[in-house]
Amino acid sequence: NEVIPLRVKLGHSFTDQKPGTSGLRKSTKQFQENHYLESFIESIFRTLPGVKGGILILGGDGRFGNRKAIDVIIRMAAAHGVRKVITTVDGILSTPAASHLIRINNSIGGIILSASHNSGGKDGDFGVKINGSNGGPASESLTNSIYACSQNLKEYQIIQNQEISLSVPGEYEIFSMKVEVIDGLKDYIDLMQTIFDFDRIGAFLTKDFPIAFDALNAVTGPYAKKILEDILGACKGTVKNGVPLEDFGGCHPDPNLTYAKELADALLLGNKYFFGAACDGDGDRNMILGKGCFVNPSDSLAVLAANADCVPAYSSGLLGIARSMPTSSAVDIVAKDLGVKCYETPTGWKFFGNLLDSGQITLCGEESFGTGSNHVREKDGLWAVLFWLQILADKKCSVHELMHRHWSKYGRHYYSRHDYEEISSEIAKDLYQRVELMLPSLSGKQFGRRVVKLADNFSYKDPIDSSITTNQGLRILLDDGSRVILRLSGTGTRGATLRVYLESYVASDGNLNQDPQSALCELIRDIDYLAEITKRTGMTSPTVIT
Ligand code: VG1
Ligand code: CO
């Protein structure tokens with residue numbers, strides 16, 4: 001078995017390898033183009049600090065291309081002098097579990113193969129996410145350097161070798177680099193047991209509290225089966241669609257009311273379950289449902305913060321909280337009540353990293369079904385599910401009751417996000433730029449029956465390293481505390497996606513029982529008028545409402 005390091009010449013450099021909100025995401029077909037993956041990986045290995053002699057964590061969500069990419073990356077890592085690659089059985093590794101492995105193995109970082117909530121398979125998407133040594137998504141400056149490297153890349157280095165087997169745990173050596181294949185579930189599950197009181201959750205689950213968890217044929221299936229069914233004792237069959245499939249069974253692994261419809265129907269229309277949850281492709285997002293009740297992700301963050309004392313790991317209090325800018329201000333009121341600081345960051349988990357690392361915050365979250373804490377440096381779907389179950393086991397009430405108690409204490413932030421997907425990039429750009437140009441003149445002007453207090457393009461100064469990130473979304477803040485925000489997605493792969501975030505607050509003595517879409521109907525109408533969404537896109541309604 002002769003091992004030969006090769007320098008492979010690229011016919012041309014790839015100029016489109018710019019990572020978005022979360023890694024490089026492209027169609028699977030694009031990634032199948034000759035040398036496309038290798039070009040990006042080479043750029044990572046030339047840019048990431050500590051590659052020579054370092055330890056690298058590697059795995060993915062099991063989508064089509066996962067296995068092959070792991071093979072290529074192992075051989076390229078060997079060629080670049082990496083000391084050890086730690087990967088997992090069948091290459092299955094959720095994003096939060098990868099973050100944990102990076103942290104406990106003193107590694108230089110990790111490569112996670114996933115396009116997250118985007119569909120998978122030959123006709124779907126593939127993606128490569130890069131995480132740094134703190135376990136979190138690479139900073140913008142690092143991904144910019146990787147992108148810059150890829151643009152002029154002429155060749156890459158790889159070891160010619162046979163594939164190593166990922167079917168069972170084991171140790172291998174390739175060109176003096178160690179490859180360790182480990183069980184991708186164990187360390188993560190151990191971590192969960194240090195955070196939550198499993199006995200208490202287990203006792204609650206086995207006593208007349210039937211739940212359903214939908215893994216959407218993606219990465220959380222094996223984790224959820226082990227945790228919920230085997231350890232906590234929830235009945236067999238609690239975990240639906242629990243085997244990771246290369247194409248996610250043709251479904252879209254995005255836990256929301258549109259794409260997790262089966263689960264949503266079971267909870268919102270059916271009578272069988274008291275609690276339901278789903279996670280996305282790579283296991284970092286979560287959707288929480290109660291019987292007849294959908295929990296808005298922004299509210300979920302607020303509820304976790306308000307009830308953190310139910311969880312052993314957080315019982316001594318929270319250091320602080322952070323949310324992304326478009327996330328509703330529901331958690332701000334809780335932070336104020338708890339007497340801790342609440343930070344507002346741009347969209348994307350990488351912006352929480354410095355706050356978590358420096359001990360400024362314990363909890364953080366995004367409106368896009370992402371919640372997490374300082375236990376890892378990624379959002380964590382199953383952790384959020386366990387957090388909810390721990391609260392319910394403690395309060396012994398329904399999700400619906402818990403939400404109502406919360407709103408009658410803090411008031412309710414009616415909130416919704418309207419996504420207009422796959423619009424032509426040009427139309428989206430024009431629409432966005434037009435509103436951006438209007439912003440300076442909006443303040444003091446009428447917005448329907450409200451008045452604009454402030455309108456700007458959000459920028460963020462990191463409180464730890466003072467780095468400044470600009471152009472993070474158009475904000476229209478209104479005189480009654482309502483907000484409308486426009487952003488263009490940084491994770492889509494086809495055309496452009498316009499996101500419209502809508503928020504309106506009703507105090508605790510107001511009407512807390514409205515349907516969010518009707519509570520927000522004026523804002524919906526007024527932003528359509530101002531931004532000419534219908535007129536310019538020809539779409540009379542959003543493609544996804546969350
Ligand atoms: C979206 C969400 C954002 C999230 C990102 C990655 O980004 O809005 O909140 O952090 O996806 O999530 P964008 O740019 O499309 O709005 V995941 O679970 O896809 O890694
Ligand atoms: Co994800």
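Leaving aside neighbours within four places in sequence, which residues is W383 in contact with? The views below come from a predicted model, and the first of them takes up this question.

**View 1. The surroundings of W383 in the largest nonpolar core.** Once its neighbours within four places in sequence are set aside, W383 is in contact with Y188, M192, I195, F196, L304, Y314, L363, T371, G372, S373 and H375. The largest nonpolar core has 106 residues, and those with the most contacts inside it are W383 and F275. Helix α13, which covers residues 381–395, gives this core its largest share, namely 11 residues. Another core, of 46 residues, lies apart from it and includes I70, V82, V128 and I158.

**View 2. The cobalt ion (ligand 2) and its donor residues.** At 2.0 to 2.1 Å, the cobalt ion is coordinated by S116 through OG and by D280, D282 and D284, each through OD. Along the sequence these donor residues follow the spacing S-x163-D-x1-D-x1-D.

**View 3. An open sheet of 5 strands.** The strands of this sheet have the order β11-β10-β12-β13-β14, and their pairing is mixed. At the edges are β11 (239–240) and β14 (293–295), each of which pairs on one side only. Strand β10, residues 211–214, pairs with β11 in the parallel sense over 2 bridges, and the bridge partner of F213 in β11 is V239.

Terms used:
Residues are numbered from 1 along each chain as its sequence is written. Chains are lettered from A and ligands numbered from 1 in the order in which they are written. This is a predicted model: local features need pLDDT of at least 70, side-chain atom pairs count only at pLDDT 80 or more; totals for chains, interfaces and linings use all residues. Side-chain values use heavy atoms; hydrogens and water are left out. Donors are N, O and S atoms within 2.8 Å of the metal (3.2 Å for Na, K and Ca); water is not among the atoms, so sites may look incomplete. Two strands pair if DSSP finds at least two bridges between them. Helices (H or I, at least four residues) and strands (E, at least two) are DSSP runs, numbered from the N terminus. A nonpolar core is a set of buried Ala, Val, Leu, Ile, Met, Phe, Trp, Tyr and Cys residues joined through side-chain atoms within 4.5 Å. Buried means under 20% relative accessible area, exposed over 50%, partly exposed in between (1.4 Å probe, protein chains only). Contact means heavy atoms within 4.5 Å.
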